[in-house]
Amino acid sequence: MSRLRLSIFLLFILVATAAGVLFVHPESSYVDKYYPWRLGLDLVGGSYLVYEVDMSQIEPADQDIVMNGLRDVIEKRVNLFGVSEPRVTASESNGSYRLNVELAGISDVNEAINQIGATPFLQFSEITINSDSENEEPEFIPTELTGRYVKRASIIFDNITNLPQVFLEFDGEGADLFEQLTGNNIGKPIAVFLDGELISAPRVSEKIPGGRAQITGDFTIEEATALVERFNAGALPAPINLINQQTVSATLGQDSLQKTVKAGVWGTLAVIIFMILYYRVSGFYAAIALFIYTILTLSVFKLFVTMTLAGIAGFVLSIGMAVDANILIFERIKEEIKKGASKAVAMEEGFNRAWPSIRDSNLTTILTTLILYYFTSSFVKGFALTLMLGVVVSMFTAITVTRNLLRIFSRK
Amino acid sequence: MFDLMKYKNLFLGLSVVLVVASIVSIYMFGFNLGVDLKGGTLWQLSFENQITVDEVKGFLTDDIGLENVGVTKDSSGLIILIRSSEFTEDQHQSYLSSMKEKFGLVEDLRFESIGPAIGKELRDKALLAFIFVLTGISLYVAFAFRHVSYPVSSWKYGIITLVTLFHDALISAGFFAFWGFKTGIEIDTNFIVAILVIIGFSVHDTIVVFDRIRENLMTSKDRGNLAKIVNMSVNQTFARSFNTSLTLVLVLITLIIFGASSLSYFTLLILLGTIIGTYSSIFVASPLLTLVQGK
C-alpha cells in the first residue's frame, strides 16, 4: 500500500472509531433515544419462563400448527399484560415441544404466570357409563374438539334463570367436529372440561349443525366475562406446563451490569499498561488497536446482539485475547531483528511468520464458540456469541490495524 | 537455554500425579450438581438486617417444611442464596411473605425453578459439547499440521493435543470437585462452559509451540534430532506463551475483583485452567511429542 492509501485507511478507521464512541456510549442520550442498547433479562430484571407443551392429544401432522397457534396466543396474552417487547419462541428438543417466554422489566411475575397459565384449556369429552362395575363410574373419553377450534366467544344470559352462560362459535372444522359429536351422542350427556375440571355435562337432545354451543356452568358474571375475554384472545390449542422459571430483580441486574462493566474497563487498562511496559512503542500501537477493537466490537454488539451478563463476560475475556496476535507478532519481530534483519523487513516478516499460529489458534476458538452456541441454553449463547464476534474483530484490529499503524509511523 | 528434555520425565511424572489425584478427587468427592443440572429451586434474597444462615435454614426447614434446603451467605452478610427441591411461583410468593413477617424487610433478587427434565437435557448436551470440542480441536490440529510428517506424523500432533486438553480439563474438574467438597460449591452450566473455554484457550499455547516446531523442522539444520528441535522451539516461544496467557490472566483477575459475584467461580475456574493450560502446552505436550516419535 502506498503511503497515501495507508493514511486514507487509517483515517477511515479513526473516523469509524470516533463514530463508534458516540454510538456505544451509554450516556449519549441522543443516540440512546433512537437506538438504545438492548439488554437481556439478567441485566434489566425480568423473567424467563419455559413451558412444556403436552402434545399427547395432537396428531403429529398438526403439531407444528398447534405450536404456532400457541405462540401467537401467548404473545397476545403477554402483550395484554403490558410487557415491553416480550419474546415468545418455540423450540423442540428430544421430541418434547417447548415455549420460551421472556418478560423483561416485569414487576409482578406471579400475575404474569397466572395470566399465561390460566388461559383456559377447553375440552369436550364423550361419556360412557361402564356398566360392568358396580358403582357405575362414568368414563370420560376426550374428543378432538378443544378450545383450539373456538372462533369467537360471548356472554349470554339464560332467558328463564337469567344466569350467565358462555356462548361459543366454532370455526369450520370445529363445527364439523361438534356436529359429529352431538350426532353420536343423542340422548346422552357430553362432558365439558375447562382446565381439566368438569364444568358441565349437558344432555344432547339433537344433532347440532352450524358450530354454535352454549356452556351452562355455575358461572358468576365476572367468571363468565373473564372466560369470554380469554377465549377471544385465543384459547390454548394444547395444555402447557411450566417447567423452568428464572427471575432476576432489576436491582441485582443493575448491580451485575455495573460491576462487570467496571471489571471490563480495569481489565482493558491492565492489558494496555502491560503492553506498553513490555513492548514499549509497539505496545503503544497495540494499545491503540485494542482501544479501536473495544469500540468496533461494542458497535457490532449494539447493532446485532442483546447483551447479557454472560455476554459481557465473554467480551471481557476476548479483550485479554485480542492482544495475543500482537504479542505473537512483536515477539517474532524481535527475533527477526536479533537475526540481523532491518527494522522494516523484520516487521513484515514478523506479521507473515506469526500468521499461521494466529490463524490456527483463532480458528479453534471460533470452533469452540460455535459448539457452545449450538449446544447450550440462551444465557450461554450470549457468551459464545460475543466471544466469537470478539475473536473475529480482533483478527482485523490486531493484525491489519496494528500493521498499518506501524507501517506509517515507524518508517524512519 | 533451559533444557526441557533433561527434566521431561519430572514434568510428565508431575502431570501423571495430578491427573491421578484429579481422578481420585472426582471419584471420592463427586460433584454437587447445581439446580440447573438436576432440577430444583434457586432463590436469592437480600435482607436489611444481619442474619445467620442457620436462622434462615431452620425457618425454611421447620416452619415452611421445605426439603433438601441449602443456604449460603455472601460476603456482605446481607444476601442469602437458598437451594432446595423444586417449588412453584405460588409457593415462592407465599414463602416470601412469611419470610418478610419473620425477618423484616426482605428483597427478592432472583428466583429460578427448574424441572428435572431440563437438567437431564443440559447434562446430555454438555457431554456432547465436551466431546465435540475435544475431537473438533484435535482434528483441526491434525489437519493444520498435515504438511509435517517427518519425524512425527501429523495425526500424532492431533492425538497429543487431545491428550493435553483432556489433561487440562480433568485437572480443572478434579480441583473443582475437591473445592466443592470443601466449600459446597455446586457445578452448574457455567462450570461446563468454563471447562470448554479452558480447552479452547489452552490449545492456543499448544498451537504456538507446535507451530514453531513445525517451522524448525522445515528450516533447521538439526531436523533429524527431534528432542533438540522441540527443546529449541519451547525456548524460542516461551516469552510469547507466557505473555499471551498473562494478558488473559490480567482480565480474569479484574473480573474476579470487580465483576459480578455470580460469575466469580466461573472466572476462577477459567483462571486455574489457563494456568494449567499454559503449563501443559510447554511441559506436557512438547515432551510427549518426543515420546511418540517413531524409532
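This is a predicted model: local features need pLDDT of at least 70, side-chain atom pairs count only at pLDDT 80 or more; totals for chains, interfaces and linings use all residues.
Biologist: What makes up chain A in terms of helices, strands and domains?

Modeller: Chain A has twelve helices and eleven strands. Its domain 1 takes in 3–41 + 249–409, domain 2 covers 42–118 and domain 3 covers 122–239. The centres of domain 1 and domain 3 of chain A, taken over C-alpha atoms, are separated by 62 Å.

Biologist: What share of chain A is called buried, and what makes a residue count as such?

Modeller: Buried residues are 43% of the 412 in chain A. The cut-off is 20 or more other C-beta atoms within 10 Å of the residue's own.

Biologist: Which share of the contacts in chain A with a separation of 6 or more joins residues 24 or more positions apart?

Modeller: That share is 69%.

Biologist: Why is helix 1 of chain A called oblique to helix 8 of chain A?

Modeller: The axes of helix 1 (residues 3–24) and helix 8 (residues 250–304) of chain A cross at roughly 55° and come within 9 Å. Roughly parallel needs an angle under 35 degrees, and roughly perpendicular needs 65 to 115, so helix 1 of chain A is oblique to helix 8 of chain A. The crossing is left-handed. Among the residues that meet are A:Ile13, A:Thr17 and A:Gly20 from helix 1 of chain A, and A:Ile292, A:Ile295 and A:Leu296 from helix 8 of chain A.

Biologist: How is chain B divided, and how many residues of each domain take part in the contact?

Modeller: Domain 1 of chain B comprises 5–35 + 118–291, and domain 2 of chain B comprises 40–114. Four residues from domain 1 of chain B and seven residues from domain 2 of chain B form the contact. Between the domain centres, taken over C-alpha atoms, there are 39 Å.

Biologist: Why are helix 5 and helix 7 of chain B called roughly parallel?

Modeller: Helix 5 (residues 116–144) and helix 7 (residues 189–219) of chain B pack at about 5°, with axes 10 Å apart. The limit for roughly parallel is an angle under 35 degrees, and the two helices of chain B are therefore roughly parallel to each other. Helix 5 of chain B contributes residues including B:Leu122, B:Ala126 and B:Phe130, which meet residues of helix 7 of chain B, including B:Ile192, B:Ile195 and B:Gly200.

Note on methods:
Residues are numbered from 1 along each chain as its sequence is written. Chains are lettered from A and ligands numbered from 1 in the order in which they are written. Helices (H or I, at least four residues) and strands (E, at least two) are DSSP runs, numbered from the N terminus. A residue is buried if 20 or more other C-beta atoms lie within 10 Å of its own, exposed if 12 or fewer, and partly exposed in between; C-beta atoms are placed from the backbone. Two residues are in contact if their C-beta atoms, placed from the backbone, lie within 7 Å. Domain bounds come from an automatic or database domain assignment. Axes are lines fitted to C-alpha atoms, for helices over the stretch in contact, and angles run from 0 to 180 degrees between N-to-C directions. Angles under 35 degrees count as roughly parallel, over 145 as roughly antiparallel, 65 to 115 as roughly perpendicular and the rest as oblique. A crossing is left-handed if the near helix is turned anticlockwise from the far one by less than a right angle, and right-handed if clockwise.
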